[in-house]
Amino acid sequence: MKKRIIALSLVVIILCIGCFSSCKSSGKHGKFYPYNLSSYVNLGDYENVTYTKQQVSVTDEDVRQEIEKQLVKFGYASLAEKEGTVENKNKVNIDYTGYLNGKTFEGGSAKGASLDIGSGQFIEGFESGLVGATVGQTLSLNLKFPDAYHQKDYAGKDVVFEVTVNKIYEYVYPELTDKIVSSISSQKTVSLYRESIYDLLLESETQQVKTNNRNAFINAVINCCNIKKMPKNEVGKYKSNLIKQYTNTASEENLSLEEFASYNGLTMEQFEEEMEKSAKMLVKKEMVFLLIADKENISLTDEEYEKSLAEHMHNNGYTSRTSFLEAVGEDKFKGLLLVEKAIDTVEAKQNEK
């Protein structure tokens with residue numbers, strides 16, 4: 001099961017931001033962080049950090065695969081039995097029997113089961129273990145249930161699956177025509193449809209690369225600084241609030257926090273560790289970039305503040321300015337915006353080089 005801890009919204013992060021009340025105020029932005037930042041952080045050469053930047057790339061193969069997904073989705077692709085070996089994206093019909101400590105177990109066996117190779121439907125190693133197999137072949141797969149497997153009796157245990165491949169199928173796609181295109185999209189021609197798919201993939205890839213590069217830059221800046229100590233109380237506040245927010249997220253999906261962690265491939269111990277890491281990173285990010293804002297004389301204009309306020313109210317479903325600011329705290333909100341502006345400013349200088 002793959003990890004899929006979701007990203008929290010800006011407002012949730014704001015709710016995690018607190019103040020080091022036991023420390024002295026420092027700097028012109030002191031109302032955002034009433035403590036002496038320099039006692040926690042020594043800034044490094046943040047203007048000259050190096051990091052690996054990803055590049056945006058959408059290939060013809062990417063477009064083809066996306067179109068094939070749409071053809072399957074809308075019922076235009078058919079399955080044909082094939083000879084040869086199992087490949088990724090094939091569908092197979094299998095019989096399998098699982099053994100724990102040499103004994104079969106409930107839910108571990110099936111006959112005539114249908115499985116899409118590469119779908120991640122079975123535990124890690126099961127599907128990849130069938131790649132290269134032929135019809136009629138029986139394989140013995142020595143695997144292990146994830147530590148966070150949803151059935152606790154099996155979690156973390158070694159398991160052996162005896163699997164027989166009965167049939168192998170591959171998807172057969174029709175020639176893409178204007179008629180098919182108009183039935184599955186708002187486009188009228190094949191060429192326009194391909195262009196629209198390319199544009200969608202490009203937009204998605206561009207945003208993902210931008211996010212990844214920004215995160216890499218933030219990490220590089222933090223890593224070039226000397227974090228002399230971590231404010232334990234503040235890390236604890238962040239962690240507590242993160243767990244609270246994920247508990248709410250789990251509840252919205254009718255899950256307990258433990259179930260939510262399990263579905264993300266984590267034990268509760270691992271989940272706690274992830275929250276600890278996230279809390280520390282949030283605190284480091286806040287300390288470093290607020291100190292940079294102070295050093296570089298970065299501040300928010302009234303126009304920037306009002307624009308961001310309107311955007312975040314809209315994005316988080318608030319119509320009342322007063323209600324939003326009461327929920328997040330005006331100084332906390334301004335502090336977070338200042339952190340983001342400091343990141344933007346330093347990253348822009350980096351990109352100019």
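Which residue forms a salt bridge with K341, and how far apart are the closest N and O atoms? E304 does, with the closest N and O atoms 2.8 Å apart; a salt bridge here is a side-chain nitrogen of Lys or Arg within 4 Å of a carboxyl oxygen of Asp or Glu. E304 sits in helix α8 and K341 in helix α10, so the pair ties together parts that are 37 residues apart in sequence. There's also a network joined by salt bridges that share partners, and its members are R214, K285, E340, D344 and E347.

Before going on, a word on the ground rules. This is a predicted model, in which local features need pLDDT of at least 70 and side-chain atom pairs count only at pLDDT 80 or more, while totals for chains, interfaces and linings use all residues. Residues are numbered from 1 along each chain as its sequence is written, and side-chain values use heavy atoms, with hydrogens and water left out.

Now the overall picture. The chain has 10 helices and seven strands, taken as DSSP runs (H or I, at least four residues, for helices; E, at least two, for strands) and numbered from the N terminus. Of its 353 residues, 37% count as buried. Buried means under 20% relative accessible area, exposed means over 50%, and partly exposed is in between (1.4 Å probe, protein chains only). Among contacts with a separation of 6 or more, 72% are between residues 24 or more positions apart; contact means heavy atoms within 4.5 Å.

Let's look at how some helices pack. Two packed helices are described by the angle between their axes and the distance between the axes. Axes are lines fitted to C-alpha atoms, for helices over the stretch in contact, and angles run from 0 to 180 degrees between N-to-C directions. Take α4 (residues 190-224) and α7 (residues 268-295): their axes are 10 Å apart, at an angle of about 75 degrees. That makes α4 roughly perpendicular to α7, going by a scheme where 65 to 115 degrees is roughly perpendicular, under 35 roughly parallel, over 145 roughly antiparallel and the rest oblique. On the α4 side, I218, N219, V221 and I222 meet M281, K284, K285, V288, F289 and I292 of α7. By class, this contact has seven nonpolar, one polar and two charged residues. For these classes, Ala, Val, Leu, Ile, Met, Phe, Trp, Tyr, Cys and Pro are nonpolar, Asp, Glu, Lys and Arg are charged, and the others, Gly among them, are polar.

What about the interior? The largest nonpolar core has 41 residues, and V41, F217, V221, F271, V288, F289 and I292 touch the most other members. A nonpolar core is a set of buried Ala, Val, Leu, Ile, Met, Phe, Trp, Tyr and Cys residues joined through side-chain atoms within 4.5 Å. The elements giving two or more residues to this core are α4, α5 (232-252), α6 (257-263), α7 and α10, and the largest share, 12 residues, comes from α7. Setting aside neighbours within four places in sequence, V288 is in contact with V41, L43, V221, I222, C225 and I227. Apart from this core lies another, of 24 residues, among them L143, Y149, F161 and I168.

Back to the charges: the structure holds 17 salt bridges. In one of them E276 pairs with K280, the closest N and O atoms being 3.9 Å apart. These two are four residues apart in helix α7, so about one helical turn separates them. E276 is partly exposed at 26% relative accessible area, and K280 is partly exposed too, at 35%. Another salt bridge joins the side chains of K349 and E296 (3.4 Å, N to O). K349 lies in α10 and E296 in the loop between α7 and α8 (302-315), so this pair ties together parts that are 53 residues apart in sequence.

K167 is partly exposed, with a relative accessible area of 34%. Neighbours within four places aside, K167 is in contact with E81, K91, V92, N93 and V135.
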